[in-house]
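Here's a quick tour for anyone meeting this protein for the first time. Have a look at the sequence and the model before reading on.

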Amino acid sequence: MAMWTLYMGSHNINLVADNERNYTIKSVMIHENYNSSSLENDLALVITDIPIEYNNHTSPLCIPDPGHSYKAGDICYIAGWGVTHGRITLVLFYYRVVVSW
């Protein structure tokens, strides 16, 4: 894991921002029901070598209570980098989405 780095406060992965902080990842715990084919339960807990310092540009992820359920029409927000429409995104994206099931 010593080769992995967590970037906090980054917006464009090609640029280093003034508010960006980097942390060495000590361990990763992948969700026990993660499915690499469907990406269901694509969630992991990342442990850093030192505590993360939050600021106006970074905050912890909000996870709903275990009993919470979503219904069709609920509004959610997603953010991240990755492959969208066959292209790799370099700038953090943030979308408002409507639950459809």
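Predicted model: local features only at pLDDT ≥ 70, side-chain atom pairs only at ≥ 80, totals over all residues.

Residues are numbered from 1 along each chain as its sequence is written, and side-chain values use heavy atoms, with hydrogens and water left out.

The mean pLDDT (the predictor's confidence in each residue, from 0 to 100) is 88, and 98% of the residues reach 70 or more. Among the elements, strand 2 has the highest mean, at 94, while strand 5 (residues 83-84) has the lowest, at 74. Strands here are DSSP runs (E, at least two residues), numbered from the N terminus.

## The largest pocket

The largest pocket has a volume of about 2400 Å³. Of its 41 lining residues, Leu43, Pro60, Leu61, Cys62 and Ala79 are the closest to the centre. A pocket is an open set of points on a 1 Å grid over the protein atoms alone, where a 1.4 Å probe fits, with protein on both sides within 12 Å along at least five of seven lines; lining residues have an atom within 4 Å of a point. Its volume is the space filled by probe spheres set on the points, which are joined across faces, edges and corners.

Which strand gives the most to this lining? That's strand 4, with five residues. By type, the lining divides into 30 nonpolar residues (Ala, Val, Leu, Ile, Met, Phe, Trp, Tyr, Cys and Pro), one charged (Asp, Glu, Lys and Arg count) and 10 polar (the others, Gly among them).

## One salt bridge

The count comes to one salt bridge, meaning a side-chain nitrogen of Lys or Arg within 4 Å of a carboxyl oxygen of Asp or Glu. The partners are lysine 71 and aspartate 74, at 3.1 Å from N to O.

## Two loop residues

Leucine 39 sits in the loop between strand 2 and strand 3. At 47% relative accessibility, leucine 39 is partly exposed, that is, in between those two cut-offs.

Threonine 58 lies in the loop between strand 3 and strand 4 and is buried, at 9%. Leaving aside residues up to four places away in sequence, threonine 58 touches Met8, Gly9 and Glu53 (heavy atoms within 4.5 Å).

Technical notes. Helix = DSSP H or I, 4+ residues; strand = E, 2+ residues; numbered from the N terminus. Buried < 20%, exposed > 50% of the residue type's maximum accessible area, 1.4 Å probe, protein only.
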